[in-house]
Amino acid sequence: MKEEMDSDLADKDLIPILEIEGNQTCNDCGKNDPRWCSVNNSVLICSSCARIHKKFNEKISKIKSLEVDEWTKDEILFLKLGGNEKFSNIIRSYNIPLTKDNLAYKYYTKAAQYFRDTLVAESKKENINNIVKPSLKEGIELLYKDEFSNLLNELNGGKSIENNEKNQINEKDNNNSINNTE
């Protein structure tokens, strides 16, 4: 059955991408067997989440199908460097919740941009130490704030996730500070 599913891929060189730890489920909602990819974030996602990503700025998320679209060797190499687990680890390190409710927010953060920049440097065999890692406070800041706000309005009928997520993050930071002083 697995071989059958792998034969549906547009390029046999994508098979190792599916085998990377965490890539067996959608990076955003957890559905099994994702068949779409946010290339610049190097994460695999399901078709439902891909529809949402297609509304993002392409600098934030460039979407391709694993089954239909043509893939370059450079894109496949890029995917091998990243993966759902690596992306999630960076996002988690900034205390950004990985819930589906903040699907857009996590990709629009400076933490996610840091991850994308790191992947680009690695793919070009450049020194990643030259990339400035944002502080915890900077990492949760948004890129393209107006665009993000408009996107939220479109996706959520005007309901602002950004403030709710920032409150959750601040609450975690406060709890961590309390725990560290005890």
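Author: Let us begin with leucine 18, which is placed in helix H2. Helices are DSSP runs of H or I with at least four residues, strands are runs of E with at least two, and both are numbered from the N terminus. The model is a predicted one, in which local features need pLDDT of at least 70 and side-chain atom pairs count only at pLDDT 80 or more, while totals for chains, interfaces and linings use all residues. Residues are numbered from 1 along each chain as its sequence is written, and side-chain values use heavy atoms, with hydrogens and water left out.

Reader: Is leucine 18 buried or exposed?

Author: Buried means under 20% relative accessible area, exposed means over 50%, and partly exposed lies in between (1.4 Å probe, protein chains only). Leucine 18 has 11% relative accessibility and therefore counts as buried. In sequence, leucine 18 and lysine 80 are 62 residues apart, yet their C-alpha atoms are 9.5 Å apart in space.

Reader: Which residues of H4 are buried?

Author: Helix H4 covers residues 73-81. Its buried residues are Glu75, Ile76, Phe78, Leu79 and Leu81. The cover over the buried residues of H4 includes H2, S1, S3, H7 and helix H5 (84-93). A contact here means heavy atoms within 4.5 Å. After H4 comes glycine 83, with a positive phi near 125°.

Reader: Which residues other than glycine have a positive phi?

Author: As a general idea, most residues other than glycine have a negative phi. Aspartate 33 is one case with a positive value, near 55°. Aspartate 33 belongs to the loop between helix H2 (15-19) and strand S1 (36-38), and its 32% relative accessibility makes it partly exposed. Lysine 125 is another case, with a positive phi of about 55°. Lysine 125 sits in the loop between H7 and H8 and, at 75% relative accessibility, counts as exposed.

Reader: Which parts of the chain does the pair of lysine 110 and glutamate 141 tie together?

Author: The side chains of lysine 110 and glutamate 141 form a salt bridge of 2.8 Å, N to O. Lysine 110 lies in helix H7 (residues 110-123), and glutamate 141 in the loop between helix H8 (136-139) and helix H9 (145-156), so the pair ties together parts 31 residues apart in sequence. Lysine 110 is partly exposed at 30% relative accessibility, and glutamate 141 is partly exposed with a relative accessible area of 27%. Elsewhere, salt bridges that share partners join Lys12, Asp13 and Lys73 into one network. Lysine 12 is exposed at 65% relative accessibility, whereas aspartate 13 is partly exposed at 23%.

Reader: Which residues form the positive surface patch?

Author: Patches are made of residues with over 30% relative accessible area and no salt bridge, with like charges joined within 9 Å and nonpolar side chains (Val, Leu, Ile, Met, Phe, Trp, Tyr) within 5 Å. Lys and Arg count as positive and Asp and Glu as negative, while His and the chain ends are not counted. The place of a charge is NZ of Lys, CZ of Arg, CG of Asp or CD of Glu. Here Lys31, Arg51, Lys54 and Lys100 form a positive surface patch. Of these, lysine 54 is in the loop between helix H3 (47-53) and strand S3 (63-65).

Reader: How many helices and strands does the protein chain have?

Author: The protein chain has 10 helices and 3 strands. Buried residues make up 44% of its 182 residues.

Methods. Areas by Shrake-Rupley, 256 points an atom, 1.4 Å probe, with all protein chains shown as cover. Salt bridge = Lys/Arg side-chain N within 4 Å of Asp/Glu carboxyl O.
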